[in-house]
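Open your viewer and get ready to select a few residues at a time. Each stop below tells you what to pick and what you will find there.

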Amino acid sequence: MFRTPARLYRLLAVAEAITWTILIAALIARAVGAPGIVVTIGGGIHGFVFLAYGATAILVGFNQRWSIGVGVLAVVSAIIPYATIPMEIWLHRTSRLTGDWRLEKSDHPQDRTWYDRTMRWFLRHAWVLVALIAVAVVALYVILLVLGPPGGR
């Protein structure tokens, strides 16, 4: 399913947009009389997918050797409702999502760096990478829940 970085990135970009819809619908529902729990649930789903999208954008950006500016733009696109979709389209059209996971060393000078070697190891041991990302996303999610919702309680 995630044989290419483009497929993984697209899935999370679309999921992020869908969760914006869930959150916006929950806010509208609360405004017309639904219990506040709908926003808590919608916001929780959106927050978790937001963090997962951010982690995915960082991983894919690193694999694809995006500039720091493109990587930051990809992560920041999640803050604006539905912006991950045009971001994915732009990345695709500019060939920034072209290619496979970099599992093997190439002649590229960056492939000799410690962080590229580390990334290749994790990509070859995907279950470890997925587990670490999942733990990081859940930990950050819990920390943010403890700190409270955006704008305070």
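**Stop one: a pocket**

Select helix H6 (126–147), which gives the largest share of the lining of the second largest pocket, six residues. Helices are DSSP runs (H or I, at least four residues), numbered from the N terminus. You are looking at a predicted model, in which local features need pLDDT of at least 70 and side-chain atom pairs count only at pLDDT 80 or more, while totals for chains, interfaces and linings use all residues. Residues are numbered from 1 along each chain as its sequence is written, and side-chain values use heavy atoms, leaving out hydrogens and water.

**Stop two: Trp66**

Now pick Trp66, which forms one aromatic cluster with Tyr9 and Tyr53. Rings of Phe, Tyr and Trp (its six-membered ring) pair if their centres lie within 6.5 Å; planes under 30 degrees apart count as stacked, over 60 as edge-to-face and the rest as tilted. Leaving aside neighbours within four places in sequence, Trp66 is in contact (heavy atoms within 4.5 Å) with residues including Ala57, Gly71 and Arg96.

**Stop three: ring pairs**

There are six aromatic pairs in the structure. Select Phe48 and Tyr141: their ring centres are 5.6 Å apart and their planes at 85°, so the pair is edge-to-face. Phe48 sits in helix H2 and Tyr141 in helix H6, 93 residues apart.

Methods:
Helices (H or I, at least four residues) and strands (E, at least two) are DSSP runs, numbered from the N terminus.
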